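This report concerns a ligand and the space around it. Please keep the sequence and the structure in view while reading.

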Amino acid sequence: MSKKVVVLGEAREGALRNVSFEAIAAAKTISGGGEVVGVLFGDAVQSLAEEMVHYGANRVITVEHPHLKQYTSDGYGQAFMAVYEQEKPDAIVFGHTALGKDLSPKIASKLESGLISDVTAIEGEGDSAQFIRPIYSGKAFEKVKNKEGLLFVTIRPNNIAPLDHDASRTGEVSSLSVDVTNLRSVIAEVVRKATEGVDLSEAKVVVAGGRGVKSAEGFEPLQKLANLLGGAVGASRGACDADYCDYSLQIGQTGKVVTPDLYIAAGISGAIQHMAGMSNSKIIVAINKDPEANIFKVADYGIVGDLFEVIPMMIEEIQKVKVS
Ligand code: FAD
């Protein structure tokens, strides 16, 4: 049976996040030829709705309200429930982002539905879709199937490929008026940390350093390599705890989950808690002095050596290729 699937898009600083397009692709698979309805909340999101259509949504509903300018679970919860009541979909897809992780359990509990969270792949489509999700910090995977009722899924960013952008796709964009009231909390102010360059969560290349980097200055060659490859710098908790870098760079169970095309781990031993955040990367290169380091178990390419010798050599070789 074909399904109607509602997808929540996420905008940041006036642009849609990639995960919105990945969620549309997941919804297409789940719909089994049915309808994919994009949903956008904010205070000026009308212009972004077309973009969801170009990535495959059949139509898009926007809810604009000053209280939706910034995410609160109360505000987005009220807006989403209004969309749900209007559309009565068979399935819902959110990104497994900070927003999706916060909002999805609240909505699932209101709707008394199940929730299949942190999905990294979908096998089959329509009614026979099975959802693959990592368990035990990525040590194993389970396949989950929805037995009955509303299907509610969150998808891990960077795992499900979006459809190609096609500006010739057309679809209706409508707005729904929702009176977002009685917020129990409001965002008074957002104080941003000054970060430069590529966003770590969405980077295609991550160069991550661990305690083996030995100091804040030790991160400089890693930053140089990341810049050269158009990527971002990340870190283990060991490096953050030692004050070599900011906790916003931490990757792992209690940090960010990243799935870049290329992950270079330098001076990182490969603790299970670190691997929970990076083991799904497409290609993993590990540089470590210790040939027995655990990180080599998940690495596609292992380099046994001193990172302060290996990284400058990599930089030199990449520069040669870039120049020629
Ligand atoms: P170490 O384990 O000290 O490894 C340093 C490595 O560098 C060694 O393998 C060494 O051989 C190598 N090395 C040293 N010098 C060089 C050199 N010159 N060249 C090449 N290699 C060199 N950790 C995370 O990363 N992310 C998390 O989210 C996280 N969450 C946690 C949650 C909990 C509840 C707990 C208990 C722990 C968590 N940890 C997390 C910590 C984790 O268990 C490890 O302690 C941490 O990942 C170790 O960091 P590290 O690999 O940088 O350091």
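## The pocket

On a 1 Å grid over the protein atoms alone, a pocket is an open set of points with protein on both sides within 12 Å along at least five of seven lines, where a 1.4 Å probe fits; lining residues have an atom within 4 Å of a point. A molecule sits in a pocket if more than half of its atoms lie within 2 Å of the pocket's grid points. By this rule, the ligand takes the space of the second largest pocket.

The model is predicted: local features need pLDDT of at least 70, side-chain atom pairs count only at pLDDT 80 or more, and totals for chains, interfaces and linings use all residues. Residues are numbered from 1 along each chain as its sequence is written, and side-chain values use heavy atoms, without hydrogens and water.

## The lining

The second largest pocket holds about 410 Å³ of space, a volume being the space filled by probe spheres set on grid points joined across faces, edges and corners. Among its 27 lining residues, Arg211, Ser236, Gly238, Ile268 and Ser269 are the closest to its centre. Helix α6 gives the largest share of this lining, 3 residues.

## Around the ligand

Polar contacts are pairs of N or O atoms within 3.5 Å. Nitrogen atoms of the ligand lie 2.9 Å from a polar side-chain atom of Lys214 and 2.8 Å from a polar backbone atom of Ile251. An oxygen atom of the ligand is 2.8 Å from a polar side-chain atom of Gln273.

Terms used. A polar contact is a pair of N or O atoms within 3.5 Å; within protein, one must be able to donate a hydrogen and the other to accept it, and residues adjacent in sequence count only if both atoms are side-chain atoms. Helices (H or I, at least four residues) and strands (E, at least two) are DSSP runs, numbered from the N terminus.
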